[in-house]
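Biologist: Please put the model up, and let us go through the terms we use for it. I would like to hear what lies behind each one.

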Amino acid sequence: MAKIMELATAIRENVNDGDLLVMEGFTHLIPHAAAHEVIRQGYKDLTLSRMTPDLIYDQLIGMGRVKKMIFSYAGNPGVGLLLRFRDAVENQWPRALEIEEHSHAAMANAYEAGAAGLPCAVFRGYRGAGLTEVNPNIKSIECPFTGEKLAAVPALNADVTIIHAQRANKNGDVLLEGIIGVQKEAVLGAKRAVVTVEEIVDDFGDISPNAVVLPSWTINAVVVIAGGAHPSYAHGYYSRDNGFYKDWDRISRDRDVFLEWMDENVVKSGPQAFEVHVKKGPAK
Amino acid sequence: MTGITLAEIMTVTAARALKNTDVCFVGIGLPSEACNLARLTHAPEITLIYESGTIGTKPNVLPLSIGDGELCETAVANVSVPEMFRYWLQGGRITVGFLSAAQLDRFGNINTTVIGDYHNPKTRLPGGGGAPEIATSCGEIFITLKHSKRAFVDQLDFFTSIGHGDGPGHRGRLGITTKGPTRLVTDLCVMLPNPDSCEFEVVSLHPGVTREQVIEATGWPLSFAKNVIETAAPTAIELDALRDLKQRTTEAHAAA
């Protein structure tokens with residue numbers, strides 16, 4: 001059963017140095033507040049997996065906490081490049097970064113295989129793609145019925161998955177709505193799971209019987225952090241802060257500006273700083 | 001008509017390639033602009049799909065990211081990302097994939113991964129995202145990007161996603177049954193693959209553009225079709241729709 005607790009406790013109880021850490025959310029519901037707590041607690045040598053590393057992994061990489069990253073699109077969506085990631089790959093700053101690069105289809109399939117308890121994912125992909133030559137974890141398998149050559153990648157099973165969701169109820173069940181990405185698969189494939197939510201409600205009320213609900217017993221910790229996805233968004237609560245995504249290009253361009261920003265807004269800050277974003281944006 | 005830019009001609013011309021009955025997998029940036037313009041003009045029933053899982057979406061402004069909230073709110077259906085790639089893309093439901101590129105070669109192969117060596121890159125780009133499977137699972141591929149020697153290269157630094165590979169028959173040898181790149185729209189011209197060589201060649205030049213201009217902006221020895229025509233200029237309706245869309249988008253993103 002999920003325990004409802006403070007963010008610092010949830011991270012301390014579930015994250016370790018060297019873990020394979022997954023923080024998913026496809027543009028929507030990205031767990032920024034939780035990532036900041038991971039940075040504050042000083043974990044190191046992490047292997048991060050995320051389809052679209054986004055600003056949170058750029059921040060973790062720039063702070064030197066990451067040994068390896070598994071990903072499929074390392075850009076600042078609609079803006080340009082992830083400049084801390086780029087600095088790590090091109091100049092090994094602040095440390096060398098090992099990468100395992102996939103396509104979106106491969107990673108989505110790998111999370112699904114992880115949730116399904118399979119050792120690998122099989123799909124029709126990577127035909128003619130250069131990644132097959134640089135990523136030894138991309139292999140092929142022959143269909144035993146048709147003989148078709150299909151792509152295979154290892155299942156993704158995190159030591160700990162952290163996601164952000166709209167609501168939990170008092171029992172610790174979690175509801176996700178809108179663009180739901182791969183969060184369900186990432187949680188069900190993980191050894192441990194932490195979920196931050198906008199709010200805890202008495203009950204979910206009138207929702208579709210097919211709504212995406214993760215039962216309390218699939219999660220270790222639930223934490224309330226209003227605004228915890230900012231500058232990503234939480235459908236029904238606040239919209240994506242596209243202005244901040246554009247501004248990140250400036251902040252992350254220079255090492256010193258980046259470190260100063262991180263010190264002020266992450267290291268010396270806390271989860272309560274996210275609340276302001278709920279009121280700022282128009283509810284959507 | 002006066003005051004029309006080449007960028008506007010590019011978007012309008014790219015949009016015209018789409019049909020009302022298409023189911024289109026939309027890349028962010030220029031493809032998204034062209035696809036939404038098609039929906040707002042001659043193809044109101046087109047199904048636009050973004051890889052975030054939004055199916056049949058009708059945004060009022062262009063999304064900055066592939067998963068802006070408006071894509072979800074205006075969609076016919078929203079599905080998980082594994083479902084998007086397994087059932088809808090791999091399942092063969094998409095008629096057209098609309099892509100852009102950092103580098104493109106004469107066969108429509110695309111690089112969005114690195115400039116320089118993969119393991120020791122000069123410039124690390126974002127990577128392929130959905131492109132490797134979009135390029136092979138969609139019925140056909142349209143590409144749009146601005147013409148320049150930096151982008152239109154003789155040799156790609158990396159093969160992010162396949163177009164026609166090394167020429168005729170390459171897709172077939174890999175077991176790929178879809179058409180691959182069938183149309184390339186730039187800010188100077190429209191190019192189609194030559195049926196025999198699979199090489200992109202110029203079929204129409206945008207109004208006011210010369211052959212020399214296109215040759216100068218292309219990094220490989222460029223071929224021209226037998227009869228090169230002038231691209232039809234944007235109509236007032238197309239131009240108004242595009243300018244309104246871009247104006248709305250600028251205002252929305254500034255307010256965010």
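Modeller: Let us begin with a bridge: Lys139(A) has Ala152(A) in β10(A) as its bridge partner. This is a predicted model, in which local features need pLDDT of at least 70 and side-chain atom pairs count only at pLDDT 80 or more, while totals for chains, interfaces and linings use all residues; side-chain values use heavy atoms, leaving out hydrogens and water. Residues are numbered from 1 along each chain as its sequence is written, with chains lettered from A and ligands numbered from 1 in the order in which they are written.

Biologist: Why are β8 and β9 of chain A said to stand at the edges?

Modeller: The open sheet has 3 antiparallel strands in the order β8-β10-β9 (chain A). β8 (120–123) and β9 (139–142) each have a single partner strand, so one side of each is left without a neighbour in the sheet. On average, neighbouring strands are turned by 40 degrees against each other, direction ignored. Helix α5 (104–115) of chain A packs on this sheet and touches β8 and β10; its direction makes about 135 degrees with that of β8(A). Such angles run from 0 to 180 degrees between N-to-C directions, with axes fitted to C-alpha atoms, for helices over the stretch in contact.

Biologist: Why is the meeting of Glu101(A) and Arg124(B) called a salt bridge?

Modeller: The rule asks for a side-chain nitrogen of Lys or Arg within 4 Å of a carboxyl oxygen of Asp or Glu. For Glu101(A) and Arg124(B) the N to O distance is 2.7 Å, so the pair qualifies. The count between chain B and chain A is 2, and over all chains it comes to 24.

Biologist: What makes Glu100(A) and Lys68(A) a link between distant parts of the chain?

Modeller: Their side chains form a salt bridge at 3.0 Å, N to O. Glu100(A) belongs to β7 (98–101) and Lys68(A) to β4 (66–71), 32 residues apart.

Biologist: How do you know the extent of the interface between chain B and chain A?

Modeller: The buried area, meaning accessible area (1.4 Å probe) lost on putting two parts together and summed over both, is about 3900 Å². Carbon and sulfur atoms give 59% of that. In chain B, Leu64(B), Arg124(B) and Pro126(B) lose the most, together 17% of what that side buries. Counting contact as heavy atoms within 4.5 Å, 45 residues come from chain B and 49 from chain A.

Biologist: One more topic: what makes Trp93(A) to Pro94(A) and Thr27(A) worth a mention?

Modeller: Most residues other than glycine have a negative phi, and most peptide bonds are trans. The bond from Trp93(A) to Pro94(A) is cis, with omega near 0 degrees, and Pro94(A) sits in the loop between α4 (83–91) and β7 of chain A. His230(A) and Pro231(A) are also joined by a cis bond, with omega about 5 degrees. Thr27(A), in the loop between β2 (20–23) and α2 (32–40) of chain A, has a positive phi of about 70 degrees although it is not a glycine.

How values were computed
Two strands pair if DSSP finds at least two bridges between them. Helices (H or I, at least four residues) and strands (E, at least two) are DSSP runs, numbered from the N terminus.
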